[in-house]
Amino acid sequence: MTSIKQPGEKNLMLFSGRAHPELAAEVAEHVGVSLTPTKLIDFANGEIYARYLESVRGCDAFVIQSHTGPINKWIMEQLIMVDALKRASAKRITVVMPFYGYARQDKKGRGREPITARLIADMFKTAGADRLMSIDLHTSQIQGFFDGPVDHLFAMPVLESYLKNKLDLENTTVVSPDTGRVRLSERWADTLGTPLAFIHKRRDLDVANSVKVSEVVGKVRGRTCVLIDDMIDTAGTICKASDALYEQGATNVIVAATHAVFSDPAVDRLKNSRISEVIVTNTLPLSQASRFDKLTVLSIAPLIARAITEVFQDGSVTSLFEGDT
């Protein structure tokens with residue numbers, strides 16, 4: 001079955017790009033449909049061709065693509081897929097991007113810089129997207145960049161459920177690796193019922209991915225610390241934060257992050273760090289070379305599938321987070 005039809009009108013169809021087909025297949029299984037057959041090929045010069053092998057007229061289309069490396073190619077492929085749906089008369093097009101590419105550039109820190117998070121939103125709107133769906137945006141303000149509904153999903157329930165079963169919460173502190181993650185970490189601390197700490201850091205604006213940790217603020221001595229972040233790219237921030245926590249007397253450090261970007265040399269840094277476990281979700285594909293003994297990967301597919309079902313049935317996506325807005 002490649003679609004779900006509501007009596008009279010509604011028809012859900014799910015489409016996947018080539019970036020992370022395993023996640024798309026898992027989402028489709030949870031939704032209860034098959035992925036719509038799609039022809040996606042590269043021309044000799046690198047241009048991408050897309051064509052759907054079934055009629056999509058009048059459907060409620062959901063296009064899943066993880067913005068992983070090579071990130072520019074996969075974003076372009078998703079844009080082309082959306083354009084093809086629009087020109088084939090799909091009724092409503094929802095772009096599902098588990099990881100929102102270019103989200104870190106969400107404001108101008110200095111003159112003559114781009115705001116690429118807005119650019120991505122504009123491109124998908126121009127291509128024909130009616131709605132965006134993403135998980136743990138780098139900043140919540142990105143929701144306002146798209147002229148239409150944006151479903152901002154949170155991986156926190158998935159990660160918390162795993163941690164609750166293995167932590168002694170009375171001896172645990174939730175730690176934000178920087179001041180920008182304090183609000184998210186507060187939600188974690190409130191839900192888990194633990195103290196909150198944060199790390200004050202300074203970033204070198206002239207060197208990408210360069211971080212200087214200044215000091216730890218909060219109760220960490222003799223405790224298990226859970227570092228919370230939205231993504232791990234080169235792992236410089238997380239590893240330096242972990243070192244700072246151990247220097248302040250933490251007995252154990254666990255990292256929980258949504259997006260495992262894992263750009264070089266992230267895997268080597270994490271392997272050789274004193275972090276006891278790195279917990280991530282499968283919003284991005286991970287090769288065998290990117291997996292290591294301390295890594296735990298949790299599936300985000302059930303959450304995405306529930307959100308897609310709620311949108312299709314005109315239900316409440318907010319209800320997935322037990323009242324969180």
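Are Phe 15 and Tyr 52 buried or exposed? Both residues are buried, where buried means under 20% relative accessible area, exposed over 50% and partly exposed in between (1.4 Å probe, protein chains only).

The model is predicted, so local features need pLDDT of at least 70 and side-chain atom pairs count only at pLDDT 80 or more, while totals for chains, interfaces and linings use all residues. Residues are numbered from 1 along each chain as its sequence is written, and side-chain values use heavy atoms, with hydrogens and water left out.

**View 1. Aromatic pair of Phe 15 and Tyr 52.** Rings of Phe, Tyr and Trp (its six-membered ring) pair if their centres lie within 6.5 Å; planes under 30 degrees apart count as stacked, over 60 as edge-to-face and the rest as tilted. The count under this rule is three aromatic pairs. In the edge-to-face pair of Phe 15 and Tyr 52, the centres are 4.8 Å apart and the planes make an angle of 65°. Phe 15 belongs to strand β2 (residues 11-16) and Tyr 52 to strand β4 (residues 48-52), so the pair links distant parts of the chain, 37 residues apart, with helices (H or I, at least four residues) and strands (E, at least two) taken as DSSP runs numbered from the N terminus.

**View 2. Charged ends over the rings of Phe 312 and Tyr 246.** A charge sits over a ring if NZ of Lys or CZ of Arg is within 6 Å of the ring centre and within 35 degrees of the ring normal. For Lys 10 over Phe 312, the distance to the ring centre is 5.0 Å. For Arg 274 over Tyr 246, the distance is 4.0 Å.

**View 3. His 138 and Asp 178, a "binding site" in UniProt (unreviewed entry).** UniProt positions follow the numbering used here, feature names are shortened, and annotations may be inferred rather than shown by experiment. The two residues are spread over 41 residues of sequence but cluster in space, the largest C-alpha distance being 13.0 Å. His 138 is in the loop between β7 (131-135) and β8 (150-153). The side chains of His 138 and Arg 181 make a polar contact (3.0 Å), that is, a pair of N or O atoms within 3.5 Å; within protein, one must be able to donate a hydrogen and the other to accept it, and residues adjacent in sequence count only if both atoms are side-chain atoms. Asp 178 lies in the loop between β9 (172-176) and α5 (182-192). Asp 178 is buried because its relative accessible area is 13%.
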